Amino acid sequence: MPYLLQVDFDMDGPFGDAMVQAFSGLAHSINQEPGMLWKIWTEAAAQGQAGGVYLFDTHANAERYLQMHSARLLQAGVRNLRSRIFEVNEALSAINHGPVKAG
């Protein structure tokens, strides 16, 4: 069963193309994290928020990444970090074309 990790936080920027330039290296490194299947980057510049939605193959891998990523974000000065891990209902998600196959 795959697990969805949702993370968001307050951030002053960068956003848009500047965010791509600033975080491309990080984006590539995230692909090397154990069990990470995909990530969707999120941003709401008008509200000063950013984050991501990740899919992991196991709860343990999602939790391990969350602990490491939370520490990294807090060390970088991120404020109001929010996170949750959800089990994914693959059968219902498949009906709505969700890319959630873990294996």
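Predicted model: local features only at pLDDT ≥ 70, side-chain atom pairs only at ≥ 80, totals over all residues.
**Entry 1: N61**

I started with N61. It sits in helix α2, which covers residues 59-75. Is N61 buried or exposed? Its relative accessibility is 11%. Buried means under 20%, so N61 counts as buried.

Next I checked its side chain. I found a polar contact between the side chains of N61 and R64, at 2.4 Å. Then I set aside the neighbours within four places in sequence and asked which residues N61 is in contact with. I noted P34, G35 and F56.

**Entry 2: A71**

I stayed in helix α2, where A71 is also placed. I read 46% relative accessibility for A71.

How far apart in space are A71 and D17? I got 25 Å, C-alpha to C-alpha. In sequence, A71 and D17 are 54 residues apart.

**Entry 3: L26**

I moved to helix α1, residues 16-30, which holds L26. Relative accessibility here is 23%, so L26 counts as partly exposed.

Which residues does L26 contact, leaving aside neighbours within four places in sequence? I wrote down W41 and R72.

Last, I took a distance from L26 to R79. Their C-alpha atoms are separated by 19 Å. Along the chain, L26 and R79 are 53 residues apart.

**Recap**

I have N61 down as buried.

Conventions
Residues numbered from 1 in each chain as written. Heavy atoms only, no water. Helix = DSSP H or I, 4+ residues; strand = E, 2+ residues; numbered from the N terminus. Buried < 20%, exposed > 50% of the residue type's maximum accessible area, 1.4 Å probe, protein only. Polar contact = N/O pair within 3.5 Å; in protein donor to acceptor, adjacent residues only side chain to side chain. Contact = heavy atoms within 4.5 Å.
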